[in-house]
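Subject: Handing over the structure

Dear colleague,

My notes on what was found in it follow below.

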Amino acid sequence: MSGTEQQQAKTPWHGRVRAAWREGWALIRSHGPSQVQFWFIALALGSAAGIAAIGFRAGIELLQAMLYGTDDVAMLHSFAASLPWYWLLGLPVAGGLVVGLLLDRFTEDARVRSVAEVIEGAALREGRVERKRGLVSALASMITLSTGGSTGREGPVVHLASVFATYVSSWIRADGITGRDLLGCAVAAAVSASFNAPIAGALFALEVVLRHFAVHAFAPIAIASVAGTVLGRLVWGDVTEFTLPDKNALAFYVELPAFVLLGLLCGVVAVVLMRAIFWTDDLANRMQARFGGPRWLRPTATGLILGVIAIFFPHIIGVGYETTSAALQGSLAFDLAVIFVVVKVAAVAITMAGRMGGGVFSPSLMVGALTGLAFGTVATGIAPEFSGEGTLYALAGMGAVAAAVLGAPISTTLIVFELTGDWQTGLAVMVAVSLASAVASRLVQRSFFLTQLARRGVHLAAGPQAWLSGTIRVETVMRAIGAPRAAPEEALRQMMKEGVFLQSGATLEEAMPLFEATGSSFIPVVRFGRDDAGPELWGALFQVDSLRALNRALTRMAAEEHS
């Protein structure tokens with residue numbers, strides 16, 4: 001018997017159990033996604049995220065039923081048309097006030113967190129998102145959607161599930177790869193539970209959040225997605241979100257050029273929707289800066305505007321699935337479809353610019369279905385002998401606008417299929433989705449979420465080579481004063497006098513342009529004390545060390561994405 005075996009034999013059984021437990025957790029933290037044990041964590045996290053998605057949806061429906069006084073929230077728009085005008089006006093104002101007070105009290109920027117922050121967490125924060133602000137954002141979005149806000153519920157659910165993943169990552173002290181895969185598991189389960197779409201949920205997490213299709217991530221994400229779907233079906237039933245007419249045929253080949261044109265139109269409509277949100281947000285920012293006032297006033301005023309719109313167009317309230325279903329059924333006239341598109345785009349832009357919370361997925365589905373129906377009415381009227389059902393255009397338009405907004409052509413195509421249960425019209429949907437995505441990606445930074453981040457100075461659309469430098473702090477790479485091969489102190493102090501230095505806390509994103517501008521092979525790194533003594537020389541950042549650090553980071557990223 002070897003010495004190690006003898007030592008193990010002398011160790012009490014409970015000591016061996018604790019040692020095995022510690023060894024197991026260490027293995028999961030460092031090599032989690034490749035371990036079978038990690039799949040059980042993915043299953044538990046997927047179940048928790050699925051429950052969160054179910055609870056979020058149930059909370060919205062319960063509040064809507066209470067506040068609007070209806071037993072069938074699926075027909076909320078029709079019922080709301082019969083309510084007194086002052087009720088439709090007052091509810092969004094009250095909701096905006098509550099949301100404004102919540103965000104003003106618990107967030108530093110009075111802004112709701114959603115999918116963009118999840119993408120940023122995956123790229124820059126080792127799979128972590130803000131926890132307390134995320135929970136507050138979920139509550140604010142629930143109130144928004146229950147009181148007349150015109151956004152979607154999927155974005156808040158994705159962030160809420162990501163908060164759960166962050167708690168798990170912090171608990172097991174997961175590294176970046178494991179943390180990102182946990183984040184993907186939570187997102188997949190949330191989307192799957194929300195849409196009853198397990199395939200699309202898994203691919204959404206990979207395509208939109210992780211932005212790679214690595215093999216090591218697929219198994220745990222698929223397990224979590226299935227867990228979310230099972231829970232969703234246990235609660236809501238094994239039914240599709242929308243019901244299509246029995247006849248939905250496509251006159252193949254002859255009709256495909258019409259879907260090419262539809263895809264181009266949907267790409268333009270998607271860009272209009274996104275830019276309307278950004279333009280309205282900029283306008284609201286300027287007005288707030290000019291007139292001042294408390295931060296909670298912005299969502300309250302937004303609620304007032306939405307209430308006025310809802311008096312005349314109650315279909316803008318909430319996620320809009322009733323109107324989307326009507327478009328897919330072909331029960332709306334051409335003029336109504338066009339008017340509803342314009343009003344919905346305006347309502348979504350106002351809601352999001354007013355910082356009331358919610359996402360863009362459901363609105364993009366509604367706008368796309370209405371756009372497709374209007375286009376299909378014209379197309380089938382021009383050449384009825386060569387046309388299939390007009391409602392097929394609504395289905396293709398729904399997928400095309402949503403894919404262009406989300407920057408997710410693969411998962412959105414599958415979500416459309418799984419939402420409707422119609423697998424016979426895939427060619428038409430794929431044509432429209434691909435062209436809409438191609439058009440929109442050239443007019444914005446690939447998607448609504450990536451453009452949101454770019455407007456805040458976080459540029460992820462160009463790939464890791466563009467943003468990885470922002471994740472590496474100079475103090476982790478620099479050579480301290482007195483270290484081997486340190487820079488000459490006199491030269492460093494001379495550069496400091498000339499105003500050429502980096503502060504502690506800076507990243508390589510700030511350092512690399514400075515190397516380019518000065519032509520120097522090193523730059524002093526300083527830190528400031530609590531008094532006014534001025535900067536203290538701490539060390540020097542060498543360009544060669546910076547390039548090595550960037551190369552190592554890119555190598556790790558490539559290994560993760562191709563493993």
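In which loop is Ala 110 found? Ala 110 sits in the loop between α5 and α6, and please keep in mind, here and throughout, that the model is a predicted one. The phi of Ala 110 is near 55°, which is a positive value in a residue other than glycine. For background, most residues other than glycine have a negative phi. Ala 110 has a relative accessible area of 11%, and because buried means under 20%, Ala 110 is buried.

Ser 114 also has its place in the loop between α5 (85–106) and α6 (115–124), and with a relative accessible area of 12% Ser 114 is buried. Once its neighbours within four places in sequence are left aside, Ser 114 is in contact with Gly 155, Pro 156, His 159 and Gly 358.

Two arginines in other loops may be worth a look as well. Arg 173 is found in the loop between α8 (154–172) and α9 (176–195), where Arg 173 has a positive phi of about 55° although it is not a glycine. Is Arg 173 buried or exposed? With a relative accessible area of 56%, Arg 173 is exposed. Arg 456, in turn, lies in the loop between α20 (448–455) and α21 (464–467), and at 34% relative accessibility Arg 456 counts as partly exposed. Not counting residues up to four places away in sequence, Arg 456 touches Arg 111, Ala 116 and Glu 117.

As for the chain as a whole, its secondary structure comes to 24 helices and 4 strands. Of the 563 residues in the protein chain, buried residues make up 55%, and among contacts between residues at least 6 apart in sequence, 79% join residues at least 24 apart.

Helix α7 is mostly covered, with 11 of its 15 residues buried; among them are Gly 134, Val 136, Met 142, Ile 143 and Leu 145. Ser 146 also belongs to α7, and at 0% relative accessibility Ser 146 counts as buried. What does Ser 146 touch, not counting residues up to four places away in sequence? Ser 146 touches Gly 59, Ile 60, Leu 63, Gln 64, Leu 67 and Tyr 68. After α7 comes Gly 148, whose phi is positive, near 110°.

Helix α19 (residues 426–443) has 18 residues and reaches 26 Å from its first C-alpha to its last, close to the 26 Å expected at 1.5 Å a residue. The buried residues of α19 include Val 429, Val 431, Val 433 and Val 439, together with Ala 428, Ala 432, Ala 436 and Ala 440.

Two helix pairs were examined for their packing. In general, two packed helices are described by the angle between their axes and the distance between the axes. The axes of α13 (residues 297–312) and α15 (residues 334–353) come within 9 Å and cross at roughly 165°; because angles over 145 degrees count as roughly antiparallel, α13 is roughly antiparallel to α15. The crossing of α13 and α15 is left-handed. On the α13 side, Arg 298, Thr 302, Ile 305, Leu 306 and Ile 309 meet Val 343, Ala 347, Ile 350, Thr 351 and Ala 353 in α15, and by class this contact has 7 nonpolar, 2 polar and 1 charged residues.

The second pair is α23 (residues 508–518) and α24 (residues 543–561), which pack at an angle of about 135° with their axes 11 Å apart, and α23 and α24 are therefore oblique to each other. The crossing of α23 and α24 is left-handed. The contact is made by Leu 508, Met 512 and Phe 515 of α23 and by Gln 543, Ser 546, Leu 547, Ala 549 and Leu 550 of α24. By class, the contact of α23 with α24 has 6 nonpolar, 2 polar and no charged residues.

With best wishes

Terms used
Residues numbered from 1 in each chain as written. Predicted model: local features only at pLDDT ≥ 70, side-chain atom pairs only at ≥ 80, totals over all residues. Heavy atoms only, no water. Axes fitted to C-alpha atoms, helices over the stretch in contact; angles between N-to-C directions. Parallel < 35°, antiparallel > 145°, perpendicular 65-115°, else oblique. Left-handed = near helix turned anticlockwise from the far one by under 90°. Contact = heavy atoms within 4.5 Å. Nonpolar A, V, L, I, M, F, W, Y, C, P; charged D, E, K, R; others polar. Buried < 20%, exposed > 50% of the residue type's maximum accessible area, 1.4 Å probe, protein only. Expected span 1.5 Å × (residues − 1).
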